[in-house]
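Please keep the viewer open as you read, and take the points in order.

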Amino acid sequence: MLSAPLLTAVRRFADAHADSSGIAATGIPGMTVLRAAHPGELQYAISRPLAALVVQGGKRVMTGRHAFDFGAGDALVIAADVPTISQVTQADVRTPYYSLVFDLVPALIETLALEMGGPELDPGPAIRVERTEAEVEDAALRLMQLLDRPQALPILHEQRLRELHYWLLAGRHGAAIRRIGIGAGRAQRIGRAVAVIRADYARPLRAEHLAEVAGMSTSTFHKHFRAVTSLSPLQFQKQLRLIEARRMMLSEGGPASRAAHAVGYESVPQFTREYARLFGQPPVREIRGAKTRLQATA
């Protein structure tokens, strides 16, 4: 169980600032507070490297055939760009789900890892759950306290984010996190190609260009891309397109055909088939059901 001061700080900020989707932006780059008053819908994403500290409630994250259940006092680390399906599993109006999420910064990790020395890189799975260590919790609380000090925020937030990254690297998740920051390492080189796909997901892919960005031959690039992300570059792009199309239809409305063309599909029937394969049903039916369930819990 995390300390009462961190729960109080997160709860007060989230209750005051969370939007309709439960996201409360903090003004600190890469730091977000999440809130949910009910067990939620399945959320599909290709997650960036991040650390999430659960303060209250519970959640499940799935990738491939692996599922991770975690709750108050646990820290989730995702150490690569991987596809995930997540769902809040423990939450109600009286005791909402709260978590504090931090993007992991490769350049900062690289600098700290070089200064710290330490263990070998961990070649294991990209998603880990461990108990939150006291030093990580204290660093998170110190960041939350900055939100009440707007004059200090722009001056001190970088220093305190560095402190948080330090304690994550020094703790149980350290060996997994280190591989994010190795500039010439496989994961970061693939990360450069991932950034290109994220920026241009609606355009046709050229594997040769992505391999050049990663500094690899085309065959080596395909092998390492799948090893890091669990997907081929084409599958990665396809999931990005479908996830963005789903977001557009949920938040903006409009027909499936408009969303399909907006994310780069030329064929609406192909979009419908691939959407149903990923989300379990055709877009019109899935979006209608999702909106109905969201309205019922609003």
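1. **The chain as a whole.** Please bear in mind that this is a predicted model. The chain holds 12 helices and 10 strands. Its radius of gyration is 20 Å, close to the 19 Å that the globule rule gives for 298 residues, so the chain is as compact as a globular protein of that length. Along its principal axes, the C-alpha trace spans about 50 × 50 × 35 Å.

2. Of the 298 residues, 46% count as buried. The chain exposes about 14800 Å², and carbon and sulfur atoms supply 53% of that area.

3. **The largest nonpolar core.** In soluble globular proteins, nonpolar side chains tend to be buried together. Which residues touch the most other members of the largest nonpolar core here? They are Phe221, Phe236 and Phe271, in a core of 47 residues. Helix H9, residues 233–252, gives the most to this core, with seven residues. To see one of these phenylalanines in its setting, centre on Phe221: apart from neighbours within four places in sequence, its contacts are Ile190, Ala193, Ala207, Leu210, Ala211, Ala214, Met216 and Pro233.

4. **A second core.** A separate core of 39 residues is also present, and Leu6, Ala9, Phe102 and Leu112 are among its members.

5. **Helix H4.** This helix runs over residues 153–170. Its 18 residues reach 25 Å from first C-alpha to last, close to the 26 Å expected at 1.5 Å a residue. The buried residues of H4 are Leu153, His157, Arg160, Leu161, Leu164, His165, Leu168 and Leu169. What covers them? The cover includes strands E4 (50–56) and E9 (97–103), together with helices H2 (106–116), H3 (134–146) and H5 (174–178).

6. **Helix H6.** Residues 186–199 form this helix, whose 14 residues reach 20 Å from first C-alpha to last, close to the 20 Å expected at 1.5 Å a residue. Gln188, Ile190, Ala193, Val194, Ile197 and Arg198 are its buried residues. Two of these names, Ile190 and Ala193, were met above as contacts of Phe221. The cover over the buried residues of H6 includes strand E3 (43–47) and helices H2, H7 (207–214), H8 and H9.

7. **Glu274.** Look for this residue in helix H11, residues 268–279. Is Glu274 buried or exposed? With a relative accessibility of 11%, Glu274 counts as buried, because the cut-off for that label is under 20%. Setting aside neighbours within four places in sequence, Glu274 is in contact with Lys238, Leu242 and Tyr265. With Tyr265 there is also a polar contact between the side chains, at 2.4 Å.

8. **Asp74.** Asp74 is buried, with a relative accessible area of 11%. Beyond residues up to four places away in sequence, Asp74 touches Ala52, Leu53, Val54, Val129, Glu130, Arg131 and Thr132. Its side chain makes a polar contact of 2.7 Å with the side chain of Arg131. For a sense of scale, Asp74 and Thr218 are 144 residues apart in sequence and 39 Å apart in space, C-alpha to C-alpha.

9. **Ala36.** This residue lies in strand E2, residues 31–36, and is buried at 16% relative accessible area. Its contacts, leaving out neighbours within four places in sequence, are Val88, Ala91, Pro96 and Tyr97. Between Ala36 and Gln237 there are 29 Å in space, C-alpha to C-alpha, and the two are 201 residues apart in sequence.

10. **Ser230.** Where does this residue sit? Ser230 is in the loop between helix H8 (218–229) and H9. Its phi is near 75°, a positive value in a residue other than glycine. Ser230 is partly exposed, with a relative accessible area of 40%.

Notes
Residues are numbered from 1 along each chain as its sequence is written. This is a predicted model: local features need pLDDT of at least 70, side-chain atom pairs count only at pLDDT 80 or more; totals for chains, interfaces and linings use all residues. Side-chain values use heavy atoms; hydrogens and water are left out. A nonpolar core is a set of buried Ala, Val, Leu, Ile, Met, Phe, Trp, Tyr and Cys residues joined through side-chain atoms within 4.5 Å. Buried means under 20% relative accessible area, exposed over 50%, partly exposed in between (1.4 Å probe, protein chains only). Helices (H or I, at least four residues) and strands (E, at least two) are DSSP runs, numbered from the N terminus. Contact means heavy atoms within 4.5 Å. A polar contact is a pair of N or O atoms within 3.5 Å; within protein, one must be able to donate a hydrogen and the other to accept it, and residues adjacent in sequence count only if both atoms are side-chain atoms. The radius of gyration is taken over C-alpha atoms; the globule rule is 2.2 Å times the number of residues to the power 0.38. Accessible areas come from the Shrake-Rupley method with a 1.4 Å probe; for residues, only the protein chains shown count as cover. The expected span of a helix is 1.5 Å times one less than its number of residues.
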